[in-house]
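The following explanation considers charged side-chain pairs and then turns to one residue and its surroundings. Please keep the sequence and the coordinates at hand while reading.

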Amino acid sequence: MKGRLREPSVSLLEDAGLGPEQPGERSLSFPCRNAPVDVLLVRAADIPEYVQDGVVDCGITGQDLVRERGARVDELLPLGFGSCHLDAAVPEESPFLTIEDLAGATVATVYPRLTRELMPVEVELVDVTGSVEVAPRLGLAEGIVDLVSSGNTLRTNGLRSLGTLFTSEAALFGSPGADVSQLVAMMRAVVEARAHRYLMLDAPKERVDEICAVIGSRSPSVLPLADPALVAVHALVPAKDVWQLLPKLEAVGAFSILIVPVERMLA
Ligand code: AMP
C-alpha cells in the first residue's frame with residue numbers, strides 16, 4: 001500500500017494500535033508498536049503478486065488490482081476506503097450512449113483483463129500503461145475503460161461515463177494458508193467502529209416505543225433518569241444513517257441528543 005492507499009492504510013494500522021514503532025518514519029518498511037508485525041510499503045499494483053507468492057502474509061490493495069491480476073489470494077476484510085469504480089467512457093461529443101454501443105469500437109485501458117471479462121460486448125482493446133483519459137483526444141481509441149472516484153478526471157478531459165463495469169474498494173488480502181486472524185480481528189474492530197456512531201438521547205418515557213422504532217435497533221439501552229417521567233436511550237447506529245435519523249428522533253420527542261464516535265467494535 002503505497003500511493004493513494006498509503007495514508008488511509010497507515011492510519012488504519014494506527015487506529016488498530018499497530019502504528020509504526022517510530023511515528024512519522026517515512027521509510028519503506030517499519031516494525032509496528034505493540035505487535036510482532038512488520039509493514040512493507042510497496043506499490044498497490046505489486047501487492048497481489050506479493051501476497052499470492054507468500055512474500056508477505058497479507059497486503060492492502062484495491063479489489064480492482066487483485067481481480068485484474070487474477071491473483072489467487074483470499075479477501076479477508078473490505079476496508080471502507082479507496083472506493084472507486086471502473087467505468088467505460090467516451091468523449092462528450094461521441095455518438096455512443098450506452099456501453100453496448102461500444103461493440104466493435106477501440107477502447108484504451110490499463111485494465112485489459114477486467115475489460116474483456118466484464119464488457120457486455122466485444123471491443124478492440126488498445127493497451128496503454130497510463131494517462132488513459134487522453135487516448136481518445138490523441139485518436140488512439142474511441143472510448144476508454146478507467147477507474148473513476150469523483151468523476152473530476154473524466155470531466156476535465158471532456159469525457160462522459162457510459163456506465164460502471166466494476167466497483168472496488170481497498171481490502172486486506174491474505175496469502176492462502178497464512179494465519180493472520182488476529183490482525184484481521186484488530187482491523188475489523190476498527191473498520192466496524194468507523195462505520196458506526198453511539199447515539200444517546202433523553203425522551204419522555206411514554207415515547208420510548210416510537211423512539212426505538214425510529215432507531216431500528218434490536219436492543220437499545222433504556223435507562224431511568226432522576227426525573228421519573230424521562231428516560232435515556234442509548235444505541236449503536238450506522239454512521240451513514242445519522243443524517244436522516246436526527247429530524248425523525250426530534251419529531252418523536254427526543255432531546256439532548258448526543259452522537260459520539262466509537263473506537264473499537266468487537267463482536
Ligand atoms: P495507487 O496506484 O497506489 O495510487 O493506487 C491505486 C489504487 O487506488 C487503485 O487500484 C484503486 O484501488 C484505488 N483508487 C481509488 N480511487 C481511485 C481513482 N480515482 N483513481 C485510481 N485509483 C483509485
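The structure holds 9 salt bridges, a salt bridge being a side-chain nitrogen of Lys or Arg within 4 Å of a carboxyl oxygen of Asp or Glu. The model is predicted, so that local features need pLDDT of at least 70 and side-chain atom pairs count only at pLDDT 80 or more, whereas totals for chains, interfaces and linings use all residues. Residues are numbered from 1 along each chain as its sequence is written, and side-chain values use heavy atoms, with hydrogens and water left out.

One of these pairs is formed by Glu-49 and Arg-69, whose closest N and O atoms are 3.7 Å apart. Helices are DSSP runs of H or I with at least four residues, strands are runs of E with at least two, and both are numbered from the N terminus. Glu-49 has a relative accessibility of 32% and counts as partly exposed; Arg-69, at 33%, is also partly exposed. For these classes, buried means under 20% relative accessible area, exposed over 50%, and partly exposed in between, using a 1.4 Å probe and protein chains only.

A further salt bridge joins the side chains of Arg-207 and Glu-210, at 3.1 Å from N to O. Arg-207 is partly exposed at 25% relative accessibility, and Glu-210 is partly exposed at 35%.

Asp-241 and Lys-240 also meet through their side chains in a salt bridge, with an N to O distance of 3.4 Å. Here Asp-241 is partly exposed, at 21% relative accessibility, while Lys-240 is exposed, with a relative accessible area of 70%. Elsewhere, salt bridges that share partners connect Arg-67, Arg-113 and Glu-117 into one network.

Attention now passes to a serine. Is Ser-168 buried or exposed? With 5% relative accessibility, Ser-168 counts as buried; this residue lies in strand β9 (residues 159–168). The side chain of Ser-168 makes a polar contact of 3.1 Å with the side chain of Asp-64. A polar contact is a pair of N or O atoms within 3.5 Å; within protein, one atom must be able to donate a hydrogen and the other to accept it, and residues adjacent in sequence count only if both atoms are side-chain atoms. Leaving aside residues up to four places away in sequence, Ser-168 touches Gly-62, Gln-63, Asp-64, Gly-82, Ser-83 and Cys-84, where contact means heavy atoms within 4.5 Å.
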